[in-house]
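Hi,

Here is the structure I said I would pass on. Have a look at it first, and my notes on the aromatic rings and strand pairing follow below.

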Amino acid sequence: MMDPLSGQNRGYAFITFCGKEAAQEAVKLCDSYEIRPGKHLGVCISVANNRLFVGSIPKNKTKENILEEFSKVTEGLVDVILYHQPDDKKKNRGFCFLEYEDHKSAAQARRRLMSGKVKVWGNVVTVEWADPVEEPDPEVMAKVNPIAWVGAAVVI
């Protein structure tokens with residue numbers, strides 16, 4: 001990664017692997033590896049985030065309204081995740097998640113929406129990266145007994 005202003009290396013890089021197992025193996029092999037005396041690599045898994053959290057959405061807007069409006073001001077939008085008011089299914093909860101085709105599209109949309117120059121329905125919206133859903137550690141999942149949870153019920 002290069003600093004766009006100085007053209008200098010920013011001191012980190014991203015490497016894409018074909019599979020999750022290969023990435024995990026690379027972390028095991030390279031994390032804390034000493035590249036020169038006293039200088040160790042710090043390596044961890046990074047997941048490309050394609051989803052933005054957007055607040056300050058008018059509560060009367062539907063999924064279709066939101067998709068149409070944000071498609072006018074951003075590129076690569078593929079889906080809108082919307083939650084409704086528990087007591088009124090016609091109203092949303094004032095926020096949504098925007099799903100983009102890739103991380104680059106999401107990052108560009110985030111930058112554009114955060115600029116304060118872009119208004120949606122006449123409002124400046126709040127925008128943050130959505131927290132990714134973390135997958136359980138494979139070692140933990142290997143210890144889970146599937147028989148223990150088959151047939152479990154939840155009473156509401």
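**Aromatic pairs and strands**

Searching the whole structure turns up 7 aromatic pairs, counting rings of Phe, Tyr and Trp (its six-membered ring) whose centres lie within 6.5 Å, with planes under 30 degrees apart called stacked, over 60 edge-to-face and the rest tilted. One of them is Tyr12 with Phe14: the ring centres are 5.8 Å apart and the planes sit at 90°, so this pair is edge-to-face. Tyr12 is partly exposed at 35% relative accessible area, while Phe14 is exposed at 54% (buried is under 20%, exposed over 50%, partly exposed in between; 1.4 Å probe, protein chains only).

This is a predicted model, where local features need pLDDT of at least 70, side-chain atom pairs count only at 80 or more, and totals for chains, interfaces and linings use all residues. Residues are numbered from 1 along each chain as its sequence is written, and side-chain values use heavy atoms, without hydrogens and water.

Tyr83 is partly exposed at 39% and Phe97 is buried at 18%.

On to the strands (DSSP runs of E, at least two residues, numbered from the N terminus; two of them pair if DSSP finds at least two bridges between them). E3 (residues 51-55) runs antiparallel to E5, joined by 5 bridges, with Val54 opposite Cys96 in E5. E3 also pairs with E6 (residues 126-129) in the antiparallel sense, over 4 bridges; there, Leu52 has Trp129 in E6 as its bridge partner.

Cheers
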